[in-house]
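Below is a briefing on one protein chain, arranged by topic. It starts with the pocket, then turns to the overall build and to selected local features.

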Amino acid sequence: MLIKTLRSGFIHPVSSEITSQGVYQQRRDLIKLMASGAAGAAMAGWAGREALAQAVAKPGKLAALPGAKSAVAGAVTMEKVTDYKDVTSYNNFYEFGTDKADPAKNAHMLVTKPWTVAIEGLVKQPKTWAIEDLIKLNAQEERIYRLRCVEGWSMVIPWVGYSLAELIKKVEPLGNAKYVEFITQADPKTMPFVGSRVLDWPYVEALRMDETMNPLTLLTFGMYGEVLPNQSGAPVRLVVPWKYGFKSGKSIVKIRFTDKEPRTAWNKAAANEYGFYSNVNPGVDHPRWSQATERRIGEDGLFAKKRKTLMFNGYEAQVGQLYAGMDLKKNF
């Protein structure tokens, strides 16, 4: 593997075959070396943040979509990034099948151009955006987020997009807009499992208005420095890192502002299992399994230990105030 050390002290990949994990390991080794000096602790902390923010290698499979370094608090975790092949082959996207491998097999049928997203409801400026214009609405950022599934597994993914709040400011919600609904494409011609009885179609998710305005809530167009693959929610999806993964709607075609709490897909399917908020909470179990621990995809060896689930998936400092005074067991 060819690498060279720049004057800044970072290791820069010059081979297209370098994986994101290999880059991370090289950078971590460099950080350890720097930490051995007199100013090691301070330099390692600084270099660690800088190196990990720049370490994601593009898979070279889809069109490039670079993102600048994000200044949003909590936007870049220092944890090891999950392999692209795992992220793109282990998916929940029931429009393409209920098995984890089904979306990767079937999502090639999805047609993502042309694509529009309609903004409707309680806003001053309703509008339908072409995906090309929506991408250009604000500068793209790379956010390395933990993703926690309600099923008890997790990943670390470098997304590309911008804070949803930037779009919301453009459409000017009315004072009585309290919730935002996200509606996924539901085309039985290109999504073969639309019409199955597992859910009520189209897939609908929703957030409270203050949740949508939190800077961590990401309107997402890419990952790993490239546009989203179909099975991951192309061409535009939501990523809400402190909630279980099913709250982050994929392949969005409509965003609607409303004054009433919307009924969401999984809440309609099983309200006793999937609450409206669905915040990651190790103290509130799913009725059929514990949420106290999780398994990280890519760490599935025979002797791999499960990780402890973090409150709000580790984003409590950034979002905990949104739920101050709420009974999180009742409002799960």
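In this predicted model, the largest pocket has a volume of about 500 Å³. Its lining is made up of 29 residues, and strand β7 supplies the largest share of them.

**Largest pocket**

- Among the 29 lining residues, Asn92, Phe93, Gly245, Phe246 and Lys250 lie nearest the centre of the largest pocket.
- Strand β7, which spans residues 153-163, contributes four residues to the lining of the largest pocket.
- Sorted by class, the lining of the largest pocket comprises 17 nonpolar, seven polar and five charged residues.

**Chain as a whole**

- The protein chain contains nine helices and 15 strands.
- The protein chain has 332 residues, and 52% of them count as buried.
- The accessible surface of the protein chain is about 15,400 Å², with 54% of that area belonging to carbon and sulfur atoms.
- Among contacts in the protein chain with a separation of 6 or more, 70% are between residues 24 or more positions apart.

- Helix α6 covers residues 164-171, and its residues Leu164, Ala165, Leu167, Ile168 and Val171 are buried.
- The buried residues of α6 fall within an arc of 160° when seen down the helix axis, so they line one face of the helix.
- Glu172 belongs to the loop between α6 and β8, the latter being residues 179-184.

**Backbone geometry elsewhere**

- The peptide bond from Lys113 to Pro114 is cis, with omega near 0°.
- Pro114 is placed in the loop between α4 (102-106) and β4 (116-121).
- A second pair, Ala234 and Pro235, is joined by a cis peptide bond with omega of about -5°.
- Pro235 sits in the loop between β11 (226-227) and β12 (237-239).
- Ser251 is a residue other than glycine with a positive phi, near 45°.
- The position of Ser251 is in the loop between β12 and β13 (252-258).
- Ser251 has a relative accessible area of 0%, so this residue is buried.

**Thr217**

- Thr217 is located in the loop between α7 (209-213) and β10 (218-223).
- Is Thr217 buried or exposed? Its relative accessibility is 0%, and Thr217 therefore counts as buried.
- Leaving aside neighbours within four places in sequence, the contacts of Thr217 include Tyr162, Ser163 and Leu164, as well as Leu207, Glu211 and Thr212.
- Under that same exclusion, Thr217 is also in contact with Leu238, Val239, Val240 and Trp242.
- The C-alpha atoms of Thr217 and Pro241 are 7.3 Å apart in space, and the two residues are 24 residues apart in sequence.

**Asn267**

- Asn267 is part of helix α8, which runs over residues 265-269.
- The relative accessibility of Asn267 is 14%, so Asn267 counts as buried; the cut-off is under 20%.
- Which residues does Asn267 touch, not counting residues up to four places away in sequence? They are Tyr274, Gly275 and Phe276.

**Ala118**

- Ala118 is found in strand β4.
- Ala118 counts as buried because its relative accessibility is 13%, and the buried class takes values under 20%.
- Ala118 and Ala130 are 12 residues apart along the chain, and their C-alpha atoms are separated by 8.8 Å.

Notes. Residues are numbered from 1 along each chain as its sequence is written. This is a predicted model: local features need pLDDT of at least 70, side-chain atom pairs count only at pLDDT 80 or more; totals for chains, interfaces and linings use all residues. Side-chain values use heavy atoms; hydrogens and water are left out. Helices (H or I, at least four residues) and strands (E, at least two) are DSSP runs, numbered from the N terminus. Buried means under 20% relative accessible area, exposed over 50%, partly exposed in between (1.4 Å probe, protein chains only). Contact means heavy atoms within 4.5 Å. Accessible areas come from the Shrake-Rupley method with a 1.4 Å probe; for residues, only the protein chains shown count as cover. The arc is that of the directions from the helix axis to the C-beta atoms. On a 1 Å grid over the protein atoms alone, a cavity is a set of points where a 1.4 Å probe fits but cannot get out, and a pocket is an open set with protein on both sides within 12 Å along at least five of seven lines; lining residues have an atom within 4 Å of a point. Grid points are joined across faces, edges and corners, and a volume is the space filled by probe spheres set on the points. Ala, Val, Leu, Ile, Met, Phe, Trp, Tyr, Cys and Pro count as nonpolar, Asp, Glu, Lys and Arg as charged, and the others, Gly among them, as polar.
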